Amino acid sequence: MTTSRSGDLLDPRCPTRQLLDRVGTKWTSMVVKVLAEEAPGEIRFAELRRRAPGISQKMLSTTLRGLARDGLVARRVEPTVPPAVHYRLTELGRSLEGPLSVLRDWAETHMAEIDRNNREFERAASAGSGPDAPSRDR
């Protein structure tokens with residue numbers, strides 16, 4: 001049996017690829033950003049949902065569960081009725097905010113160009129160039 005080499009992103013069994021699949025989602029980026037704004041403090045589930053527009057309760061729960069499983073988020077439950085659940089980034093989670101922030105900055109810097117490229121691609125495709133629209137390699 002062949003095992004995956006660490007760092008071989010082309011191999012589906014690559015541990016790095018598996019981790020990027022988990023932390024590379026828009027919801028993870030949003031949740032980490034909101035929690036980082038509170039760090040080192042905590043935030044309750046409902047407030048976190050209010051501050052992450054568009055996320056459903058189920059997706060937020062799923063995202064938080066995955067982040068907690070990976071040790072990026074800590075969860076604290078107050079034994080009240082109903083229970084008050086608080087979340088905070090762990091030290092490991094706070095270390096993820098930097099790389100995600102760089103990616104968000106890159107996206108904001110280049111989004112207009114990407115939007116233009118999408119429009120150009122769609123125009124070329126609708127003009128009969130098919131799925132192999134003009135290359136953008138410049």
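Are R104 and E97 buried or exposed? Both are buried, where buried stands for under 20% relative accessible area, exposed for over 50%, and partly exposed for what lies in between (1.4 Å probe, protein chains only). The tour returns to this pair below.

**Before selecting anything**

The model is predicted, so local features need pLDDT of at least 70 and side-chain atom pairs count only at pLDDT 80 or more, while totals for chains, interfaces and linings use all residues. Residues are numbered from 1 along each chain as its sequence is written, and side-chain values use heavy atoms, with hydrogens and water left out.

**The whole chain**

Show the chain as a cartoon. It has 5 helices and 3 strands; helices (H or I, at least four residues) and strands (E, at least two) are DSSP runs, numbered from the N terminus. Starting at the N terminus, the order of elements is α-α-β-α-α-β-β-α. Of the 138 residues, 27% count as buried. Among contacts with a separation of 6 or more, 38% are between residues 24 or more positions apart, a contact being heavy atoms within 4.5 Å.

**Helix α4**

Select residues 57-69, which make up helix α4. Its 13 residues reach 18 Å from the first C-alpha to the last, close to the 18 Å expected at 1.5 Å a residue; the expected span is 1.5 Å times one less than the number of residues. Color L60, T63, L64, G66 and L67, which are buried. Looking down the axis of α4, these buried residues fall within an arc of 160 degrees, so they line one face of the helix. The arc is that of the directions from the helix axis to the C-beta atoms. What do the buried residues of α4 pack against? Their partners are α2 (26-38), α3, β2 (73-78) and β3 (84-89). Turn to the other side of α4 to find K58, R65 and R69, which are exposed.

**Past the end of α4**

Move on to G71, which follows α4 and has a positive phi, near 80 degrees. Then select D70 and R22, whose side chains meet in a salt bridge (2.9 Å, N to O). A salt bridge here is a side-chain nitrogen of Lys or Arg within 4 Å of a carboxyl oxygen of Asp or Glu. This pair links distant parts of the chain: D70 lies in the loop between α4 and β2, R22 in helix α1 (residues 15-23), and 48 residues separate them. D70 counts as partly exposed, at 21% relative accessibility, and so does R22, at 37%.

**Helix α3**

Select residues 45-50 for helix α3, and pick R49 within it. R49 is partly exposed, with a relative accessible area of 35%. Leaving aside residues up to four places away in sequence, R49 touches I55, S56, Q57 and L60. A C-alpha to C-alpha distance from R49 to V34 gives 9.6 Å, for a separation of 15 residues in sequence.

Next, show the side chains of E47 and R50, which meet in a salt bridge (3.0 Å, N to O). Because they are 3 residues apart in helix α3, E47 and R50 are separated by about one helical turn. E47 is partly exposed at 28% relative accessibility, whereas R50 is exposed at 58%. The whole structure holds 10 salt bridges.

**The buried pair, and S29**

Go back to R104 and E97, which form a salt bridge with the closest N and O atoms 2.6 Å apart. Then select S29 in helix α2. S29 is buried, with a relative accessible area of 11%. Which residues does S29 touch, not counting residues up to four places away in sequence? They are L100 and R104.

**A surface patch**

Finish at helix α5 (residues 91-129), where L103 is found. L103 is exposed, with a relative accessible area of 53%. Show L103, W106, M111 and I114 as a surface: they form a nonpolar patch with about 380 Å² of accessible area together. Patches are made of residues with over 30% relative accessible area and no salt bridge, where like charges are joined within 9 Å and nonpolar side chains (Val, Leu, Ile, Met, Phe, Trp, Tyr) within 5 Å.

Methods. Accessible areas come from the Shrake-Rupley method with a 1.4 Å probe; for residues, only the protein chains shown count as cover.
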